[in-house]
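Dear colleague,

Please find below the structure that I am handing over to you. My findings follow it.

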Amino acid sequence: MSLFKLAYEALMCNEINEKIRLTNELLNYHISNNNVNSKFTVKKILVPGRPIKPNLIDFKGSPKRDPSELGMIKNIHAICHIEFNAINLALDAIYRFQEMPIQFYIDWIKVATEETIHFSLLRKYLQTLGYDYGDFDSHNGLWQMTVDTDYDVLSRMALVPRVLEARGLDVTPSIKNKFKHSKFNEMVGILDIIFRDEIGHVKIGNYWYQNLCSERDIDPIKTFDSLIKKHIGSNLRGPFNTEARLLSNFSQTELDYLEHPELVNTN
Ligand SMILES: [Fe+2]
Ligand SMILES: [Fe+2]
């Protein structure tokens, strides 16, 4: 089976354990066969494979802070949902952009399989607490950026790993702190694993973004700025985790841009 067809089947699979199994099969596929010449039809995917539950709803405004026990469990569930979406997101990058060098697929297979680990760690922890993935309403909007950037691999690399996953790096330390001082302190170890791996995911996004910009001979910062304006409409919100972003290969110039986007705006 072609790599792209396998990624598509994993992406569209609604059953959680089967999706994880198919995603991990990509790892074997790649090791045994480096051939990515066998293409597969690319379609727009408005709804990727997911179980019937959780119920998806539009959350208006920023999430409510709920320090109660149930509030903390809902928080764990929300992170679990993000990781579930991250599996689909990595699979879509493999399936959709079929003209990339082999290393691109090696990188995104690594991301997809690590997302299955993140999801499983959180799901297992929810189960030990007497809950499961699907028990609470979840955010409907997480797939949208994937759909919005399905027209170009450069936009996808700019906005999914470098904006959404990088945002995770910014907020994880404070989330971790909140769990540390609660009865759910097992989350600290899980978030450490996620944080470490996510630095790698953002690094992969940065690598391919820079690579595509230099291939097309366009300025990475001005291009990023115009993509942010086009897709998000406002400047990215800090505070930014400078240390983690530098570890994921954001350059100092890019970090300066994030802090002062108006310097690019006036050019
Ligand atoms: Fe993750
Ligand atoms: Fe990730």
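In which helix is the place of Q103? Q103 sits in helix α4, where helices are DSSP runs of H or I with at least four residues, numbered from the N terminus. With a relative accessibility of 37%, Q103 counts as partly exposed; buried means under 20% relative accessible area, exposed over 50%, and partly exposed in between, with a 1.4 Å probe and protein chains only.

The conventions are as follows. This is a predicted model, in which local features need pLDDT of at least 70 and side-chain atom pairs count only at pLDDT 80 or more, while totals for chains, interfaces and linings use all residues. Residues are numbered from 1 along each chain as its sequence is written, chains are lettered from A and ligands numbered from 1 in the order in which they are written, and side-chain values use heavy atoms, with hydrogens and water left out.

**The iron site**

The iron ion (ligand 1) is coordinated by E83 (OE), E115 (OE), H118 (ND1) and E198 (OE), at 2.0 to 2.3 Å. Donors are N, O and S atoms within 2.8 Å of the metal (3.2 Å for Na, K and Ca); water is not among the atoms, so sites may look incomplete. The angles among the 4 donor atoms of this ion run from 87 to 159°, and the site is irregular. Along the sequence, the donor residues of the iron ion (ligand 1) have the spacing E-x31-E-x2-H-x79-E. Because E83 belongs to helix α3 and E115 to helix α4 (residues 102-128), this pair ties together parts that are 32 residues apart in sequence. Both E83 and E115 are buried, and the relative accessibility of E115 is 0%.

For the iron ion (ligand 2), the coordinating atoms come from E115 (OE), E165 (OE), E198 (OE), E198 (OE) and H201 (ND1), at 2.0 to 2.5 Å. Their spacing along the chain is E-x49-E-x32-E-x2-H. E115 lies in helix α4 and H201 in helix α7 (residues 186-216), so the pair joins parts that are 86 residues apart in sequence. H201 is buried as well, with a relative accessible area of 1%. E115 bridges the iron ion (ligand 2) and the iron ion (ligand 1), which lie 3.6 Å apart.

**Pocket and cavity**

On a 1 Å grid over the protein atoms alone, a cavity is a set of points where a 1.4 Å probe fits but cannot get out, and a pocket is an open set with protein on both sides within 12 Å along at least five of seven lines; lining residues have an atom within 4 Å of a point.

The second largest pocket has a volume of about 220 Å³. It is lined by 15 residues, of which L46, P48, L56, N140 and W143 are the closest to its centre. Helix α3 (69-96) and helix α5 (144-148) each supply at least two lining residues, and the largest share, 4 residues, comes from α3.

The whole structure holds 1 cavity of 30 Å³ or more.

With kind regards

Notes: Grid points are joined across faces, edges and corners, and a volume is the space filled by probe spheres set on the points. Four donors count as tetrahedral if all angles lie between 85 and 135 degrees; four count as square planar and six as octahedral if opposite donors are over 155 degrees apart and all others between 65 and 115; anything else is irregular.
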